[in-house]
Amino acid sequence: QVRLVESGGGSVQAGRSLRLSCAASDYTRYCMGWFRQAVGAEREGVARINHNGDITHYTNDVKGRFTISRDPAKNTVYLQMNSLKPDDTAMYYCAAQESWRCSGGLAMLEGRNYAYWGQGTQVTVSS
């Protein structure tokens, strides 16, 4: 069972950047995703990356602004968030699933397809 720990959240003004990190106890056999949940809203998939790091998908709202990546040497997955907007304010969660259970498409932006979750890191963007 993989353990996930997120970090890097904070409070920033609109237009600025943040980089979230997700340290995994063992992620080489897992596909990974970032999700977010704003107060009063449902959880939504933001970005996902396969276990090799060569397949990524993003929700439309963050395309061109956010980038998901992974560093095998550090067992870490990142979410680089640029041009942040107040609507990006949410708790951000990292999730993992065994690679053999992962599909290659947009289904991996659905939280129900992940078995393991971190505790979350808060991102607040002010106007």
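The side chain of Arg 70 reaches 2.5 Å to the backbone oxygen of Asn 50.

The model is predicted: local features need pLDDT of at least 70, side-chain atom pairs count only at pLDDT 80 or more, and totals for chains, interfaces and linings use all residues. Residues are numbered from 1 along each chain as its sequence is written, and side-chain values use heavy atoms, with hydrogens and water left out.

Arg 70 belongs to strand β7; helices (H or I, at least four residues) and strands (E, at least two) are DSSP runs, numbered from the N terminus. With a relative accessibility of 13%, Arg 70 counts as buried. Buried means under 20% relative accessible area, exposed over 50%, and partly exposed in between (1.4 Å probe, protein chains only).

**Aromatic pairs**

Rings of Phe, Tyr and Trp (its six-membered ring) pair if their centres lie within 6.5 Å; planes under 30 degrees apart count as stacked, over 60 as edge-to-face and the rest as tilted. By this rule there are four aromatic pairs. One of them joins Tyr 30 and Tyr 116, with ring centres 5.9 Å apart and planes at 80°, so the pair is edge-to-face. Tyr 30 is in strand β4 (residues 30–37) and Tyr 116 in strand β10 (residues 116–117), so this pair ties together parts that are 86 residues apart in sequence. Tyr 30 is buried at 2% relative accessibility, and Tyr 116 is buried at 15%.

Phe 35 and Trp 117 form a tilted pair, 5.0 Å centre to centre with 55° between the planes. Phe 35 lies in strand β4 and Trp 117 in strand β10, so the pair ties together parts that are 82 residues apart in sequence. Phe 35 is buried, with a relative accessible area of 1%, whereas Trp 117 is partly exposed at 27%. Phe 35, Tyr 114 and Trp 117 form one aromatic cluster. Arg 43 lies over the face of Phe 35, 5.9 Å from the ring centre; a charge sits over a ring if NZ of Lys or CZ of Arg is within 6 Å of the ring centre and within 35 degrees of the ring normal.

**Salt bridges**

A salt bridge is a side-chain nitrogen of Lys or Arg within 4 Å of a carboxyl oxygen of Asp or Glu. The structure holds seven salt bridges, including those tabulated here.

| Residues | N to O distance |
|---|---|
| Arg 36, Asp 61 | 3.0 Å |
| Arg 36, Asp 88 | 2.9 Å |
| Asp 61, Arg 65 | 3.8 Å |

Salt bridges that share partners join Arg 36, Glu 44, Asp 61, Arg 65 and Asp 88 into one network. The relative accessibility of Arg 36 is 3%, and Arg 65 is buried at 10%. Asp 61, by contrast, is partly exposed, with a relative accessible area of 37%.

Technical notes: Polar contact = N/O pair within 3.5 Å; in protein donor to acceptor, adjacent residues only side chain to side chain.
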